[in-house]
Amino acid sequence: MYEKPIGSPQRDPFDALVDVLAAASRYDLLLGAVPVAFAVALVVATVTSVSLVEAMLVAAIIGVLVIVDGCYRNPPIDRDQGST
């Protein structure tokens, strides 16, 4: 059963998606890339003749590279720390 709140305007789902994606930071996208890499690897292993172990190994390497990039190569900085 779907309940519609009284007096609240109905919002377009596409506008809500655009707002969420606009508010996402680089680090949110990096963290989202890790499970996407594993999901793509699972699909590739299922559809093609690539073994599951090889596909997961590639996804794990991609995940490690993404985490290393987000944590060590381009770490988050505190913007308030620089202003003295």
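Helices here are DSSP runs of H or I with at least four residues, strands are E runs of at least two, and both are numbered from the N terminus. With that in hand, D28 turns up in helix α2 (residues 26-47).

What you're looking at is a predicted model, in which local features need pLDDT of at least 70 and side-chain atom pairs count only at pLDDT 80 or more, while totals for chains, interfaces and linings use all residues. Residues are numbered from 1 along each chain as its sequence is written, and side-chain values use heavy atoms, with hydrogens and water left out.

**View 1. The whole protein holds 3 helices and 0 strands.**
Walk along the sequence and the pattern reads α-α-α. Of its 84 residues, 13% count as buried (buried is under 20% relative accessible area, exposed is over 50%, and partly exposed is in between, with a 1.4 Å probe and protein chains only).

**View 2. Salt bridges tie R26, D69 and R73 into a network.**
Side chains of opposite charge can pair when their charged atoms come close. The rule for a salt bridge is a side-chain nitrogen of Lys or Arg within 4 Å of a carboxyl oxygen of Asp or Glu, and the count comes to 2. In the bridge between D69 and R26, the closest N and O atoms are 2.7 Å apart. That pair joins distant parts of the chain, with D69 in helix α3 (residues 52-73) and R26 in helix α2, 43 residues apart. The bridge between R73 and D69 has its closest N and O atoms 3.6 Å apart. Here both partners sit in helix α3, 4 residues apart, or about one turn of the helix. R26 counts as partly exposed at 40%, and R73 as exposed at 64%.

**View 3. R26 also sits over the face of Y27.**
The distance from R26 to the ring centre is 5.9 Å. To count, NZ of Lys or CZ of Arg must be within 6 Å of the ring centre and within 35 degrees of the ring normal. As for R26 and G70, they are 44 residues apart along the chain, yet their C-alpha atoms are separated by 8.5 Å.

**View 4. The side chain of D28 reaches back to the backbone nitrogen of S25.**
This contact spans 3.0 Å. A polar contact is a pair of N or O atoms within 3.5 Å; within protein, one must be able to donate a hydrogen and the other to accept it, and residues adjacent in sequence count only if both atoms are side-chain atoms. D28 is partly exposed, because its relative accessible area is 45%. D28 and G70 lie 42 residues apart in sequence and 9.9 Å apart in space, C-alpha to C-alpha.

**View 5. F14, L17, V18 and L21 make a nonpolar surface patch.**
Together these residues have about 400 Å² of accessible area. Patches take residues with over 30% relative accessible area and no salt bridge, joining like charges within 9 Å and nonpolar side chains (Val, Leu, Ile, Met, Phe, Trp, Tyr) within 5 Å. L17 belongs to helix α1 (residues 13-23) and is partly exposed, at 45% relative accessible area.

Definitions and conventions. Areas by Shrake-Rupley, 256 points an atom, 1.4 Å probe, with all protein chains shown as cover.
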